[in-house]
Amino acid sequence: MDYQTAENKLSQRKYTEARDIFRKLGDYSDATQRAEACLPGVAYEEAIAKLEAGRYAEALVALQELMETYPDQFPEAPDYAARAQNGVDYNRAATLMAERKYAEAAQLFESLGDYDGAPAKARDARYKQAVELLEDGSVNEALNIFTALGDYEGAADQVALCNEVNAAIDLYTNEKFAEAINAFTALQDRFPLAEDWIEVCKGDRDNEANYQRALQLMELKQFSTANSLFTRLGDYKDARVHAAYTQQGMDYQTAVSHLNRGEYDLAIGYLEAIPDF
């Protein structure tokens, strides 16, 4: 009776119950061999139990081993393995979120389809990714994400903020430094880089004033003072080109002074060095 009960359990794919009964039968008939035959099924049931308990990584490994060793014995195993993989990916995505790796987390959540609220988690991750991009100054990248988030809570406000930041940057790009400073000042409580932008605007405002002053001095052939200003401006616009030109102007004026004093050799030395002036 017990032997037949065990066989019935095995045919019903109740592998653990069947194994336990066969083991209790000891040396009866081929009970030992039949208990051994139940082991792959027992492993299968244990893998599913791990899956249901949320031990996805362990379940996935066990199911993959069973599919490789017994490819035709457990037809539902691929579906269970897919569920386990989803669980592994979901947990990995949650870990990435905790580590503030929002782009990677979003990508994983998005790959999970409708699994366990993954779409909402993906939107959460994308929003936080966009916030970090904006804080780092990648305004257009952030704007694209916020726009794609549509009616996600807070996204519309962030789109408006990105547009406001871009408008301030446009003022700077168009050398409207005073207006740009005012625009970034209004953003100080909402855009972390506003203070840095204000300093850049102030610096370039002063650079532009010095640049224009140097151009005027150059036109007036005040080469020495102009050269000093252009040199201090460094890489601003074409200041280095003008610095070289005004240096030639200074050399030319020095040559003229030598000529006026009759110091022809000295004058020639300067003039030969600036043949194109």
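**Note on helix packing, cysteines and loop residues**

1. A search of the whole structure finds zero disulfides; a disulfide here is a pair of cysteine sulfur atoms within 2.5 Å. The model is predicted: local features need pLDDT of at least 70, side-chain atom pairs count only at pLDDT 80 or more, and totals for chains, interfaces and linings use all residues. Residues are numbered from 1 along each chain as its sequence is written, and side-chain values use heavy atoms, with hydrogens and water left out.

2. Buried means under 20% relative accessible area, exposed over 50%, and partly exposed in between, with a 1.4 Å probe and protein chains only. Cys38 is buried too, with a relative accessible area of 0%.

3. Next, helix packing. Two packed helices are described by the angle between their axes and the distance between the axes. Axes are lines fitted to C-alpha atoms, for helices over the stretch in contact, and angles run from 0 to 180 degrees between N-to-C directions. Helices are DSSP runs of H or I with at least four residues, strands are runs of E with at least two, and both are numbered from the N terminus.

4. Helix α9 (residues 139-148) packs on helix α10 (residues 155-173) at about 155°, and the two axes are 9 Å apart. So α9 is roughly antiparallel to α10. Angles under 35 degrees count as roughly parallel, over 145 as roughly antiparallel, 65 to 115 as roughly perpendicular, and the rest as oblique. The crossing of α9 and α10 is left-handed. A crossing is left-handed if the near helix is turned anticlockwise from the far one by less than a right angle, and right-handed if clockwise.

5. Which residues make up this contact, on α9 and on α10? From α9 come Val139, Asn140, Ala142, Leu143, Phe146 and Thr147. They meet Ala155, Gln158, Val159, Cys162, Asn163, Val165, Asn166 and Ile169 of α10. Contact means heavy atoms within 4.5 Å. By class, the α9 and α10 contact holds nine nonpolar, five polar and no charged residues. Ala, Val, Leu, Ile, Met, Phe, Trp, Tyr, Cys and Pro count as nonpolar, Asp, Glu, Lys and Arg as charged, and the others, Gly among them, as polar.

6. Look at Gln158. The residue sits in helix α10. Gln158 counts as buried, at 17% relative accessibility. Leaving aside neighbours within four places in sequence, Gln158 is in contact with Tyr127, Val131, Leu134 and Phe146.

7. Compare α12 and α13. Helix α12 (residues 194-219) and helix α13 (residues 223-233) pack at about 150°, with axes 8 Å apart. α12 is therefore roughly antiparallel to α13. Their crossing is left-handed. On the α12 side, the contact uses Asn207, Asn210, Tyr211, Arg213, Ala214, Leu215, Leu217 and Met218. On the α13 side are Phe223, Thr225, Ala226, Leu229, Phe230 and Leu233. The residues of this contact of α12 with α13 divide into 10 nonpolar, three polar and one charged.

8. Glu110 and Arg126 deserve a check. Glu110 belongs to helix α7 (residues 102-111). Arg126 belongs to helix α8 (residues 118-135). Both are partly exposed: Glu110 has a relative accessible area of 42%, and Arg126 has 21%. Not counting residues up to four places away in sequence, Glu110 touches Ala122 and Arg126. With neighbours within four places left aside, Arg126 is in contact with Ala103, Ala106, Gln107, Glu110, Ile145 and Leu149. Glu110 and Arg123 are 13 residues apart in sequence and 8.7 Å apart in space, C-alpha to C-alpha.

9. Backbone angles next. Most residues other than glycine have a negative phi, and most peptide bonds are trans. Ser29 has a positive phi of about 45° although it is not a glycine. Its place is the loop between α2 (15-24) and α3 (31-37). At 57% relative accessibility, Ser29 is exposed. Lys237, not a glycine either, has a positive phi of about 45°. Lys237 lies in the loop between α13 and α14 (239-260). Lys237 is partly exposed, at 42% relative accessible area.

10. Last, Tyr28. This residue is in the loop between α2 and α3. At 49% relative accessibility, Tyr28 counts as partly exposed. Tyr28 and Tyr3 are 25 residues apart in sequence and 8.5 Å apart in space, C-alpha to C-alpha.
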